[in-house]
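Here's a protein to get to know, one piece at a time. Have a look at the sequence and the fold, and then we'll walk through them together.

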Amino acid sequence: MTGTALPADASAQKYPDVVSVKVHARGSDTFDFDVTVSSPYDTPQRYADAFRALGKDGKVFGVRKLLHDHATEQPFTRDLYGVSIPRSVRAVVIQAKDQNYGYGGKTVEVALPGR
């Protein structure tokens with residue numbers, strides 16, 4: 001399954017935006033995510049430093065920390081593997097984080113395959 005959001009105006013962007021997400025079932029309760037993030041202000045001084053998968057109720061199921069800027073690679077795609085999600089959850093929201101402002105920006109909701 002794939003979800004997509006529209007990128008924000010770079011001049012007004014405070015948070016990184018999640019642009020797209022691909023999710024793959026690894027097992028009945030385990031999922032892998034390929035997440036594309038846009039953060040046009042990425043510099044060594046300020047960059048998107050994480051993204052997470054969370055339930056609609058805000059429960060966090062997995063976090064991918066990003067250890068450096070991606071200034072030469074925008075938007076960029078990274079993975080989050082082996083995320084355990086209870087069987088009762090049918091969809092998750094993917095949200096990115098800025099090292100200065102925290103979580104925010106455009107999110108993508110993606111349905112979990114097989115649910």
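Of the contacts in the protein with a separation of 6 or more, 59% are between residues 24 or more positions apart. Keep in mind that this is a predicted model. The protein has 115 residues, and 45% of them count as buried.

What is it built from? Zero helices and eight strands. Read from the N terminus on, the elements go β-β-β-β-β-β-β-β.

**Strands side by side**

Strands of a sheet pair through backbone hydrogen bonds, either parallel or antiparallel. Here, an open sheet of four strands runs in the order β5-β4-β7-β8, with antiparallel pairing. At the edges stand β5 (60–65) and β8, each with a single partner strand, so one side of each has no neighbour in the sheet. On average, neighbouring strands of this sheet are turned by 20° against each other, direction ignored.

Inside that sheet, β4 and β7 pair in the antiparallel sense over six bridges.

Another pairing to look for is the one between β2 and β3, antiparallel over eight bridges. A hairpin joins β2 to β3 through four residues. Along this pairing, Val 18 stands opposite Val 37 in β3.

**The nonpolar core**

The largest nonpolar core holds 23 residues, and those with the most contacts inside it are Phe 33, Ile 85, Val 92 and Ile 94. Which elements give two or more residues to this core? They are β2 (17–25), β3, β4, β6 (76–84), β7 (91–98) and β8 (102–111). The most comes from β3, with four residues.

Leaving out residues up to four places away in sequence, Ile 94 touches Val 18, Val 21, Phe 33, Val 35, Phe 51, Arg 52, Ala 53, Thr 107 and Val 108.

Now for Asp 32, which is found in strand β3. Is Asp 32 buried or exposed? It counts as buried, because its relative accessible area is 13%, and the cut-off for buried is under 20%. The side chain of Asp 32 makes a polar contact with the side chain of Arg 26, and also reaches the backbone nitrogen of Gly 82. Asp 32 and Gly 82 are 50 residues apart along the chain, yet their C-alpha atoms are separated by 5.6 Å. Not counting residues up to four places away in sequence, Asp 32 touches several others, among them Lys 22, Val 23, His 24, Leu 80 and Tyr 81.

Arg 46 sits in the loop between β3 (30–38) and β4 (48–54). With a relative accessible area of 17%, Arg 46 is buried too. Its side chain reaches the backbone oxygen of Lys 14. Beyond residues up to four places away in sequence, the ones Arg 46 touches include Gln 13, Tyr 15, Tyr 41, Asp 98 and Tyr 101.

For contrast, go to Asp 57, in the loop between β4 and β5. Asp 57 is exposed, as its relative accessible area is 67%. A polar atom of the side chain of Asp 57 lies 3.0 Å from the backbone nitrogen of Lys 59. Asp 57 and Val 92 are 35 residues apart along the chain, with 9.6 Å between their C-alpha atoms.

| Side chain of | Reaches | Distance |
|---|---|---|
| Asp 32 | side chain of Arg 26 | 3.2 Å |
| Asp 32 | backbone nitrogen of Gly 82 | 2.8 Å |
| Arg 46 | backbone oxygen of Lys 14 | 2.4 Å |
| Asp 57 | backbone nitrogen of Lys 59 | 3.0 Å |

The structure holds one aromatic pair. Tyr 15 and Tyr 101 form it, edge-to-face, at 6.3 Å centre to centre and with 70° between the planes. Tyr 15 counts as partly exposed, at 24% relative accessibility, and Tyr 101 is partly exposed at 44%.

Conventions. Residues numbered from 1 in each chain as written. Predicted model: local features only at pLDDT ≥ 70, side-chain atom pairs only at ≥ 80, totals over all residues. Heavy atoms only, no water. Buried < 20%, exposed > 50% of the residue type's maximum accessible area, 1.4 Å probe, protein only. Polar contact = N/O pair within 3.5 Å; in protein donor to acceptor, adjacent residues only side chain to side chain. Contact = heavy atoms within 4.5 Å. Core = buried A, V, L, I, M, F, W, Y, C linked by side-chain atoms within 4.5 Å. Pairing = 2+ DSSP bridges. Axes fitted to C-alpha atoms, helices over the stretch in contact; angles between N-to-C directions. Phe/Tyr/Trp six-rings, centres within 6.5 Å; stacked < 30°, edge-to-face > 60°.
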